[in-house]
Amino acid sequence: MQEPEPRPTSRLLVTCSCCWKAFLYRPEHFFNGSPAPSPECHRQARAEARAESTKLIAAAVIAAIRLNKEKIENSPAVHSKVAESLKLAEMIVSKMKNLG
Ligand SMILES: [Zn+2]
């Protein structure tokens, strides 16, 4: 028979794989269950995904307006208007986050 492992005495640092929050577990809590993301992580991930798609839609609408009648091609003018549109959409989304 093998000797059983000694009882853990130090705390264990576990980092969440989705939000990188760190949690310190006491030895008596090691065997309560497997580490898993909290429901808060899923909520936060969904909110971030929503903000990303909102930003994409806003940027597309702004770009469509800014590129009105412009020839859509791989040109610096088109690239710069798309970049500006994305920047404006990001400003709008971050303003909304601050208000909400
Ligand atoms: Zn997390």
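**View 1. Two helices and two strands make up the protein chain.** Along the sequence, the order is β-β-α-α. The chain's radius of gyration is 24 Å, well over the 13 Å that the globule rule gives for 100 residues, so the chain is more spread out than a compact globule. That radius is taken over C-alpha atoms, and the globule rule is 2.2 Å times the number of residues to the power 0.38. Helices (H or I, at least four residues) and strands (E, at least two) are DSSP runs, numbered from the N terminus. This is a predicted model: local features need pLDDT of at least 70, side-chain atom pairs count only at pLDDT 80 or more, and totals for chains, interfaces and linings use all residues. Residues are numbered from 1 along each chain as its sequence is written, and side-chain values use heavy atoms, with hydrogens and water left out.

**View 2. The C-alpha atoms of the chain fill a box of roughly 80 × 30 × 15 Å.** The box is taken along the principal axes. Of the 100 residues, 16% count as buried. Buried means under 20% relative accessible area, exposed over 50%, and partly exposed in between (1.4 Å probe, protein chains only). Take the contacts between residues at least 6 apart in sequence: 25% of them join residues at least 24 apart. A contact means heavy atoms within 4.5 Å.

**View 3. C16 and C41 are both buried.** The relative accessible area of C16 is 10%. For C41, relative accessibility is 9%. A disulfide is a covalent bond between the sulfur atoms of two cysteines. A search of the whole structure finds zero disulfides; the test is a pair of cysteine sulfur atoms within 2.5 Å.

**View 4. S38 sits in the loop between strand 2 (22–25) and helix 1 (39–66).** S38 is partly exposed, at 31% relative accessibility. S38 and C19 are 19 residues apart along the chain. Their C-alpha atoms are separated by 9.9 Å.

**View 5. W20 lies in the loop between strand 1 (12–15) and strand 2.** Most residues other than glycine have a negative phi. W20 is not a glycine, yet its phi is positive, at about 65°. With 66% relative accessibility, W20 counts as exposed.

**View 6. K69 belongs to the loop between helix 1 and helix 2 (76–99).** K69 also has a positive phi, near 65°, in a residue other than glycine. At 81% relative accessibility, K69 is exposed.
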